[in-house]
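Visitor: Before I use any of these labels, I would like to know what each one rests on. Can we go through them?

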Amino acid sequence: GGRSNPGGFLIEQRRLEKQPAEQRVRAFTEITLKPTAERGTAQASRCTDCGVPFCQNACPLQNNIPDWLALSADGDLREAWRVASATSTMPEICGRICPQDRLCEGACTLQQSGWDGVTIGSVEAWIADAAFDNGWVEPIRPLAERGQSVAVVGSGPAGLAAADRLRSEGYAVVVYDRHDRAGGLLTYGIPGFKLEKRIVQRRVDRLIESGVEFALNTNVGVDVTMDELRARHDAVLLAMGVYQARTLSVPGRGPNDTVAALDFLIAQNRVDCGDAADASAPHAAGRDVVVVGGGDTAMDCVRTAVRQGANSVVCLYRRDRDNMPGSAREVQNAEEEGVRFEWLGAPKALMSKGEAVVAVRAHRMALTEAAPSGRRDIAPLAGSDFDLPADLVIEALGFEPEAFAEQLDAGLGLTKWNTLQVARGGFATTLPGVFAAGDAVRGASLVVWAVRDGQDAAAEIDRYLRARTEEAAA
Ligand code: FAD
Ligand code: SF4
């Protein structure tokens with residue numbers, strides 16, 4: 001068996017198998033080098049089969065990691081794929097973009113005992129890529145058609161995961177999205193150097209081949225009402241994400257002085273999807289760029305700006321490195337690619353000459369004593385102003401929900417954070433037959449949680465529709 005590899009954990013961790021920075025900044029392709037069969041097997045065999053699957057418990061999908069590691073160490077990739085795809089509708093995507101250091105890999109026993117943990121994500125992506133390459137990923141063929149249909153609003157990971165599971169149960173599924181392409185933030189948020197567009201398209205194509213219908217360029221609440229959707233379908237799943245971008249409120253910020261992070265990322269992602277470049281879209285070539293914010297979106301913006309040929313790229317974040325929300329791995333990638341971080345710096349004003357912004361005036365922040373809540377606050381230091389030259393200022397300050405009730409249906413209950421209210425422990429909204437999942441319920445979160453929600457919401461919708469069918473028959 002593959003579990004007999006004494007000392008296997010000593011094989012060095014393959015984390016550093018990424019393209020050198022000077023090479024990768026020239027392209028929007030993934031920076032991780034794909035493992036060869038030999039290296040994938042070697043990495044998988046580092047699992048010591050510790051007997052306590054901390055990694056599995058730390059994975060939001062409860063993926064059966066020890067089993068697929070053992071199977072791929074044995075070279076049985078096909079069986080490894082079967083196990084991996086039983087709990088996840090998109091292992092090749094999660095394997096690429098989960099913050100594994102905070103999830104499965106962070107919990108790995110090797111990591112916990114001072115060795116480098118098994119690179120679980122890259123093995124997961126390797127298994128799934130092999131499955132696509134070998135034609136093991138077939139279109140869904142349900143055992144029987146159920147004669148009922150479900151509308152899924154939003155084609156991000158939550159919507160796609162739900163569509164996959166609902167189709168497998170034999171429902172007709174229509175996925176509505178206001179964008180011209182499916183994938184949500186997988187397509188138009190996350191840049192190609194983390195997740196290439198063809199990887200997302202491959203998943204969407206398989207759903208189309210499985211009979212899932214995509215109604216794109218369809219803004220629900222504008223082009224079609226909720227009443228129409230509820231009349232057309234037996235159930236509705238709302239998986240619309242959160243898109244209301246927070247903005248800077250500092251003196252000197254006029255309406256055209258800054259660019260929203262997502263507008264900047266979408267423009268590049270469109271080009272990566274094959275669209276012609278739009279000359280009016282924001283672009284960093286030759287510019288001095290300041291990105292305000294410290295989350296994953298900010299990291300994606302600075303690294304996109306480097307690749308577009310910016311003159312300089314600075315990330316301005318009001319807390320320090322240890323207190324930033326973005327992944328430490330992404331900060332390291334950005335630093336290697338030439339991004340400068342101004343930690344403990346907050347914008348104070350935008351400085352202009354004539355119509356054009358020329359600098360961000362910032363001041364230094366200091367972390368204060370820990371509050372009773374445990375969280376350390378920040379306060380500006382007097383007399384600490386400094387100017388960062390900037391002719392492109394990008395706001396990456398996070399997202400809030402749009403006005404769902406106003407847009408869709410006044411009967412939709414909301415939480416105090418304006419996310420969609422769902423029944424405890426489930427996915428039912430306050431409207432009968434209408435369910436909700438993903439960021440629209442959780443607030444800005446992770447792809448892997450959206451997948452989990454989409455899968456579980458599909459199971460709940462299936463139970464709901466079966467119960468209704470039985471009632472009707474009784
Ligand atoms: P979304 O992916 O947001 O999809 C929602 C879809 O609904 C969109 O396609 C939208 O067009 C559509 N929609 C909205 N309203 C309507 C309407 N009225 N009618 C029709 N369609 C509508 N997570 C990670 O795990 N790893 C990462 O590396 C990572 N990087 C990120 C980088 C960026 C720049 C951002 C913004 C987020 C990142 N995240 C990352 C978070 C992750 O992308 C989200 O948590 C996840 O995509 C949420 O999935 P979702 O399906 O709920 O929503
Ligand atoms: Fe790790 Fe994410 Fe894969 Fe789970 S889905 S095993 S957390 S990479």
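Guide: What follows takes the labels one by one, for a model that is predicted.

Visitor: Why does the radius of gyration of the protein chain agree with a compact globule?

Guide: The globule rule is 2.2 Å times the number of residues to the power 0.38. With 474 residues that gives a value near 23 Å, and the protein chain has 23 Å, so the two agree. The C-alpha trace spans about 75 × 60 × 55 Å along its principal axes.

Visitor: Where does ligand 2 sit?

Guide: Ligand 2 sits in the second largest cavity. The label therefore says that more than half of its atoms lie within 2 Å of the grid points of that cavity.

Visitor: Which residues lie nearest the centre of the second largest pocket?

Guide: They are S85, I140, D164, S168 and R206, out of 18 lining residues. Helix α5 (77-87) is one of the elements giving two or more residues to this lining, and α5 gives the most, with four. The lining has seven nonpolar, four polar and seven charged residues, and the space in the pocket is about 350 Å³.

Note on methods: Residues numbered from 1 in each chain as written. Chains lettered and ligands numbered in written order. Predicted model: local features only at pLDDT ≥ 70, side-chain atom pairs only at ≥ 80, totals over all residues. Heavy atoms only, no water. 1 Å grid on protein atoms, 1.4 Å probe; cavity = no way out; pocket = protein on both sides within 12 Å on 5 of 7 lines; lining within 4 Å. Points joined across faces, edges and corners; volume = space filled by probe spheres on them. Nonpolar A, V, L, I, M, F, W, Y, C, P; charged D, E, K, R; others polar.
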